[in-house]
Amino acid sequence: MAQHDYINKKPAGRKNTKQVPAKKPFPILLVIIALLLVGGFAYGLWFIKSNADPELVEQQAHPKKVEKVEIAKPRAPKFIEEIREHEIQVEVREIEQKGPYVMQCGSFRTHEQAETLKAKIAFAGLISEIKKTTGTSGIWYKVRLGPYKTKRQAESDKNKLKRVHVVGCGIWGWT
């Protein structure tokens, strides 16, 4: 049995009532305008070429070398020279050191938790110690670093620890 093409088959008995659109006339007006514009452009080029000043054309064809003009550097006013030669007396005072500092990064109930934090600190390249203290609430294991001579050194190590996600360290005077 042969296959039938029902999609492309035109129905029998129906007449096509659609009218074919009429062809548009050739745009004579647009062609005339385009020709006038092209002609006007060509005339303009010819007019410029025939009426050009020969001296200006020669200057454009063979430009003369321009001599470099040296610009004199401005002199500095007298007061600037006086400022350069002037000396300032400054009194330097020593900053009092408040003493050694210690940084505590944690306080735990179990020794294993303190060892875990100590290992994290060791991976940051710093040496810490675990100090066992007994208080009114029981035994505590404190993870400490230091002593540091200045607070700036302690802050530097604290920033190193922040980079490896050890936060919450406090800096106190060493006791």
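Modeller: Tyr43 and Trp46 are three residues apart in helix H1 (residues 28-50), so about one helical turn separates them. Please bear in mind that this is a predicted model.

Biologist: What makes the pair of Tyr43 and Trp46 tilted?

Modeller: Two aromatic pairs are found when the whole structure is searched. In the pair of Tyr43 and Trp46, the ring centres are 5.8 Å apart and the planes stand at 35°. Rings pair if their centres lie within 6.5 Å, and planes under 30 degrees apart count as stacked, over 60 as edge-to-face and the rest as tilted. The angle of 35° is therefore that of a tilted pair.

Biologist: Which residues do ring pairs link into a cluster, and are Tyr43 and Trp46 buried or exposed?

Modeller: The cluster consists of Tyr43, Trp46 and Phe47. Tyr43 and Trp46 are both exposed.

Biologist: What does UniProt list for residues 28-48?

Modeller: The unreviewed UniProt entry lists residues 28-48 as "transmembrane region". In the model, the chain over residues 28-48 is 100% helix and 0% strand, with 31 Å between the end C-alpha atoms.

Biologist: How do you know that a disulfide joins Cys105 to Cys169?

Modeller: The S to S distance of Cys105 and Cys169 is 2.1 Å. The cut-off is 2.5 Å, so the pair counts as a disulfide. The structure holds one disulfide. Cys105 lies in strand E1 (residues 101-108), and Cys169 lies in the loop between helix H5 (151-163) and strand E4 (170-173).

Biologist: Why is the disulfide of Cys105 and Cys169 called right-handed?

Modeller: The torsion about its S-S bond is about 110°, so the disulfide is right-handed.

Biologist: Why do Cys105 and Cys169 count as buried?

Modeller: Cys105 has 9% relative accessibility, and Cys169 has a relative accessible area of 7%. Buried means under 20%, so Cys105 and Cys169 are both buried.

Biologist: How do you know that Arg144 has no salt bridge?

Modeller: Arg144, in strand E3 (residues 138-148), is buried, and the nearest side chain of opposite charge, that of Glu129, is 5.8 Å away. A salt bridge requires a separation within 4 Å, so Arg144 has none.

Biologist: Which residues is Arg144 in contact with, leaving aside its neighbours within four places in sequence?

Modeller: Arg144 is in contact with Val102, Met103, Gln104, Ser128, Glu129 and Lys131, those neighbours being left aside.

Note on methods
Residues are numbered from 1 along each chain as its sequence is written. This is a predicted model: local features need pLDDT of at least 70, side-chain atom pairs count only at pLDDT 80 or more; totals for chains, interfaces and linings use all residues. Side-chain values use heavy atoms; hydrogens and water are left out. Rings of Phe, Tyr and Trp (its six-membered ring) pair if their centres lie within 6.5 Å; planes under 30 degrees apart count as stacked, over 60 as edge-to-face and the rest as tilted. Helices (H or I, at least four residues) and strands (E, at least two) are DSSP runs, numbered from the N terminus. Buried means under 20% relative accessible area, exposed over 50%, partly exposed in between (1.4 Å probe, protein chains only). UniProt positions are given in the numbering used here, feature names are shortened, and annotations may be inferred rather than shown by experiment. Lys and Arg count as positive and Asp and Glu as negative; His and the chain ends are not counted. Contact means heavy atoms within 4.5 Å.
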